[in-house]
Amino acid sequence: MREYNIAVLKGDGIGPEIVDEAIRVLDKAGEKFGFHMNYTYALLGGCAIDETGVPLPQETIDACKAADSTLLGAVGGPKWDNVPGDRRPEKGLLGIRGALGLFANLRPAVIFPQLRSASPLRPEIIGEGLDILVVRELTGGIYFGERGRRTVDGAEAAYDTEQYSVPEIERIARVAFEMARKRKSRVCSVDKANVLESSRLWRATVTRIRDEEFPDVELSHMYVDNCAMQLVRNPGQFDVIVTSNIFGDILSDEASMISGSIGMLASASLSGGKSGLYEPIHGSAPDIAGTGKANPLATILSAAMMLRYSLGEAEAADAIEAAVSRALEKGRTADICTEGMKLVSCAEMGALVCESL
Ligand code: IPM
Ligand code: MG
């Protein structure tokens with residue numbers, strides 16, 4: 001029997017409930033496809049602050065490094081809104097991304113045919129469907145740049161710095177081009193090169209990597225403001241979008257909403273190696289935590305991505321994705337429930353996916 005060691009970070013808010021469903025589905029997939037998962041639970045975010053005083057305890061980093069991969073729920077909540085910036089739950093999330101060197105964040109935005117009517121876009125705009133992969137740089141840029149407070153003309157001021165080095169851009173560009181080769185072979189690099197110096201270096205470097213190493217892949221460039229508009233005007237034009245940390249944060253939320261609900265979108269954060277961190281792109285939704293309303297599908301789909309990208313269990317990953325698609329016919333959580341469809345809870349949604357497996 002193949003065995004995998006998974007570090008599990010349930011986090012805060014709806015984190016524990018959605019992760020529980022993903023684990024149920026993983027175990028079911030293991031029974032079916034002949035593998036066994038060993039889970040090690042560790043703390044991240046607000047729950048870690050409560051227990052240990054810091055959002056990212058060293059034991060959590062060690063547990064993730066020792067594991068074959070990490071599954072994460074979500075972190076943060078109003079309870080920790082007033083802790084100092086460097087100790088917020090979100091700092092734990094950025095910290096674990098940095099500590100594990102997870103520079104490439106893959107955020108697929110696909111529209112399940114059943115959810116077309118849940119998309120806020122008109123059917124003629126959605127057209128044949130939507131299948132975009134946002135490749136977001138995850139350990140650089142303004143998220144990790146120098147920041148601080150200072151006095152400017154006698155007044156208090158604050159600053160954050162957007163900085164990218166050539167190697168940081170090269171490696172994320174390579175991930176995007178490699179992903180594109182497995183898809184429609186088209187990359188759109190998104191920047192703000194009409195204003196930002198870091199974007200000009202980004203654009204030149206992405207272009208060079210294409211010319212030198214991926215001449216078979218089609219590359220276009222787009223300014224981020226235009227991209228935000230094109231995503232709702234004609235999303236079908238995109239295959240792979242590669243962009244910086246902050247632009248990727250914003251554009252991936254937009255792309256997710258087009259696909260019906262932010263509760264549907266999975267993500268993989270990868271370093272150079274095989275192991276990665278898998279998490280839904282939505283947050284901890286503290287307002288609905290514990291009510292059973294959360295949609296576990298993004299976490300379940302993240303678990304499928306983990307099977308595919310880190311564990312070499314592509315068949316099980318395909319089966320989970322197909323099971324999600326079938327489960328959507330049987331019941332739906334509130335965020336994606338349309339008229340005539342059975343409304344189910346988080347746990348019931350997880351059970352429907354297991355049953356469909
Ligand atoms: C995301 C989230 C995080 C980010 C927050 C919670 C720090 O929005 O994963 O997209 O900005 O990266
Ligand atoms: Mg975000």
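Author: Let us begin with a definition: a salt bridge is a side-chain nitrogen of Lys or Arg within 4 Å of a carboxyl oxygen of Asp or Glu. Please keep in mind that this is a predicted model, in which local features need pLDDT of at least 70 and side-chain atom pairs count only at pLDDT 80 or more, while totals for chains, interfaces and linings use all residues. Residues are numbered from 1 along each chain as its sequence is written, and side-chain values use heavy atoms, with hydrogens and water left out.

Reader: Why is the pair of Glu213 and Arg174 called a salt bridge?

Author: The closest N and O atoms of Glu213 and Arg174 are 2.7 Å apart, and because the rule asks for a nitrogen and a carboxyl oxygen within 4 Å, the pair qualifies. Glu213 belongs to helix 7 (residues 197–213) and Arg174 to helix 6 (residues 166–181), so the pair links distant parts of the chain, 39 residues apart; helices here are DSSP runs of H or I with at least four residues, and strands are runs of E with at least two, numbered from the N terminus.

Reader: What makes Glu213 partly exposed?

Author: Buried means under 20% relative accessible area, exposed over 50%, and partly exposed in between, with a 1.4 Å probe and protein chains only. Glu213 has 30%, and Arg174, at 28%, is likewise partly exposed.

Reader: How do you know that Lys192 counts as buried?

Author: Its relative accessibility is 19%, and because buried means under 20%, Lys192 falls into that class. The side chain of Lys192 meets that of Asp225 in a salt bridge of 3.2 Å, N to O. Lys192 lies in the loop between strand 8 (186–191) and helix 7, and Asp225 in helix 8 (residues 224–233), so the pair ties together parts 33 residues apart in sequence. Asp225, at 44%, is partly exposed.

Reader: What makes Glu156 and Arg149 exposed?

Author: Glu156 has a relative accessible area of 64% and Arg149 has 63%, so each value lies over the 50% that the definition requires. These two residues also form a salt bridge, with the closest N and O atoms 2.9 Å apart.

Reader: How many salt bridges does the rule give?

Author: The count comes to 24. Asp81, Arg88 and Glu90 are linked in a network of salt bridges.

Technical notes: Chains lettered and ligands numbered in written order.
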